[in-house]
Amino acid sequence: MLLIAILNGTARDLWYKKYLGELTAHQVSTISLIIMFGVYINCIVKMIPPRSGEQAVYIGLLWLALTLLFEFGFGLARGNALSNLLAEYNILKGRVWIFIPIWVAIAPYLFYKINS
């Protein structure tokens with residue numbers, strides 16, 4: 001998922017951000033990442049199916065923890081202020097990034113149920 005996220009962010013920054021503006025590019029990038037993560041997570045769940053719904057929930061929670069750990073750890077290591085990192089989650093200002101960790105958390109269970 002990390003490679004998918006990096007490629008998605010690179011495409012946003014190098015390709016369409018200059019045409020759409022920062023906020024709209026952020027929103028488009030979030031939607032495209034949700035779609036790409038969905039395809040990836042569905043493939044993983046099909047190839048290595050969880051043994052139960054409970055295990056699928058645990059997988060989602062683990063991926064959520066790893067996602068947030070990477071995002072905040074990498075962001076802070078790069079010198080970003082915590083307030084700037086948290087601002088990406090402010091849906092009232094059009095920042096829709098909150099849907100990424102939510103999706104990462106629920107998608108394994110959702111695809112487990114769909115594929116069962």
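**Rings, bridges and a pocket**

Colleague: Why does Tyr-16 count as buried?
Modeller: In this predicted model, Tyr-16 has a relative accessibility of 10%. Buried means under 20%, so Tyr-16 counts as buried.

Colleague: And what makes Trp-15 exposed?
Modeller: The relative accessible area of Trp-15 is 58%. The cut-off for exposed is over 50%, so Trp-15 is exposed.

Colleague: How many aromatic pairs does a search of the whole structure find?
Modeller: The search turns up 4 aromatic pairs. One of them joins Trp-15 and Tyr-16, edge-to-face, with 5.5 Å centre to centre and 80° between the planes.

Colleague: Why is the pair of Trp-15 and Tyr-16 called edge-to-face?
Modeller: There are two steps here. The centres must lie within 6.5 Å, and for Trp-15 and Tyr-16 the value is 5.5 Å.

Colleague: What makes Phe-72 and Tyr-89 a stacked pair, then?
Modeller: Their ring centres are 5.9 Å apart, with 15° between the planes. Stacked asks for planes under 30 degrees apart, so Phe-72 and Tyr-89 qualify. The pair also links distant parts of the chain: Phe-72 sits in helix α3 and Tyr-89 in the loop between α4 and α5, 17 residues apart.

Colleague: Are Phe-72 and Tyr-89 buried or exposed?
Modeller: Phe-72 comes out at 17% relative accessibility and Tyr-89 at 16%. With buried set at under 20%, Phe-72 counts as buried, and Tyr-89 counts as buried too.

Colleague: On to charges. How do you know what joins Lys-17 to Asp-13?
Modeller: The closest N and O atoms of Lys-17 and Asp-13 are 3.8 Å apart. A salt bridge needs them within 4 Å, so Lys-17 and Asp-13 form one. The two are 4 residues apart in helix α1, which means about one helical turn separates them. Arg-12 joins in as well: Arg-12, Asp-13 and Lys-17 are linked in a network of salt bridges.

Colleague: Why is Lys-17 called partly exposed?
Modeller: Lys-17 has 31% relative accessibility.

Colleague: What makes the contact of Glu-22 and Arg-95 a salt bridge?
Modeller: The N to O distance for Glu-22 and Arg-95 is 2.7 Å, and the limit is within 4 Å. Glu-22 lies in helix α2 and Arg-95 in the loop between α4 and α5, so the pair ties together parts that are 73 residues apart in sequence.

Colleague: Which other residue does Arg-95 form a salt bridge with?
Modeller: With Glu-88, where the closest N and O atoms are 2.8 Å apart. Arg-95 itself is buried, with a relative accessible area of 10%, while Glu-88 is partly exposed at 26%.

Colleague: Last topic, the largest pocket. Which residues lie nearest its centre?
Modeller: Of the 30 lining residues, Arg-12, Phe-70, Glu-71, Arg-78 and Trp-97 lie nearest the centre of the largest pocket. Two or more lining residues come from each of α1, α2, α3 and α4, and α1 gives the most, with 9.

Colleague: What is the volume of the largest pocket, and what is its lining made of?
Modeller: The volume is about 1,100 Å³. By class, the lining has 13 nonpolar, 9 polar and 8 charged residues.

Conventions: Residues are numbered from 1 along each chain as its sequence is written. This is a predicted model: local features need pLDDT of at least 70, side-chain atom pairs count only at pLDDT 80 or more; totals for chains, interfaces and linings use all residues. Side-chain values use heavy atoms; hydrogens and water are left out. Rings of Phe, Tyr and Trp (its six-membered ring) pair if their centres lie within 6.5 Å; planes under 30 degrees apart count as stacked, over 60 as edge-to-face and the rest as tilted. Buried means under 20% relative accessible area, exposed over 50%, partly exposed in between (1.4 Å probe, protein chains only). A salt bridge is a side-chain nitrogen of Lys or Arg within 4 Å of a carboxyl oxygen of Asp or Glu. On a 1 Å grid over the protein atoms alone, a cavity is a set of points where a 1.4 Å probe fits but cannot get out, and a pocket is an open set with protein on both sides within 12 Å along at least five of seven lines; lining residues have an atom within 4 Å of a point. Grid points are joined across faces, edges and corners, and a volume is the space filled by probe spheres set on the points. Ala, Val, Leu, Ile, Met, Phe, Trp, Tyr, Cys and Pro count as nonpolar, Asp, Glu, Lys and Arg as charged, and the others, Gly among them, as polar.
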